[in-house]
Amino acid sequence: QVHLVESGGGSVQAGGSLRLSCAASAYPYSSSCMGWFRQAPGKEREGVARMNTGSGRTYYADSVKGRFTISQDNAKNTVYLQMNSLKPEDTAMYYCAAGWGGSCPGSFSKSNFPYWGQGTQVTVSS
């Protein structure tokens with residue numbers, strides 16, 4: 001089926017940068033919605049960024065707009081999350097997810113993403 005594997009997490013100082021990668025065995029649809037979510041201990045999983053692989057349109061949570069950038073390399077079936085100006089509140093487990101591209105304009109609803117990776121930890125110290 002579809003398998004997603006995240007990498008690139010680690011520990012950085014506040015103000016630093018990290019680049020996360022999500023390698024997909026295949027995109028599930030001709031036009032897929034690829035998303036990045038994060039979850040801190042004791043908190044709900046929240047959407048960070050998502051993009052339609054067909055149109056290239058991107059969507060960001062207000063908390064990361066201007067700091068994070070989602071992009072793709074179609075030749076490698078890989079989606080990236082470039083994270084700059086990291087803050088301690090960005091500390092979380094980050095997950096890659098995939099769903100139908102037609103759902104992308106709507107929201108970060110987890111129900112729109114049937115495929116999920118196992119996550120990669122990001123820790124930002126002050």
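A disulfide here is a pair of cysteine sulfur atoms within 2.5 Å. The model is predicted: local features need pLDDT of at least 70, side-chain atom pairs count only at pLDDT 80 or more, and totals for chains, interfaces and linings use all residues. Residues are numbered from 1 along each chain as its sequence is written, and side-chain values use heavy atoms, with hydrogens and water left out.

**View 1. The C22–C96 disulfide.** The sulfur atoms of C22 and C96 are 2.0 Å apart. C22 sits in strand β3 and C96 in strand β9, so the bond ties together parts 74 residues apart in sequence. Strands are DSSP runs (E, at least two residues), numbered from the N terminus. The S-S torsion is about -75°, so this disulfide is left-handed. C22 is buried at 0% relative accessible area; buried means under 20% (1.4 Å probe, protein chains only).

**View 2. The C33–C104 disulfide.** Here the sulfur atoms of C33 and C104 lie 1.9 Å apart. C33 belongs to strand β4 and C104 to the loop between β9 and β10 (115–116), so the pair links parts 71 residues apart in sequence. The S-S torsion of about 85° makes the disulfide right-handed. The whole structure has two disulfides, in the pattern 1-3, 2-4, with bonded cysteines counted along the chain.

**View 3. The largest nonpolar core.** Such a core is a set of buried Ala, Val, Leu, Ile, Met, Phe, Trp, Tyr and Cys residues joined through side-chain atoms within 4.5 Å. Of its 36 residues, L4, W36, L81, M83 and Y94 touch the most other members. β9 gives the largest share, five residues.

Definitions and conventions:
Buried < 20%, exposed > 50% of the residue type's maximum accessible area, 1.4 Å probe, protein only. Helix = DSSP H or I, 4+ residues; strand = E, 2+ residues; numbered from the N terminus.
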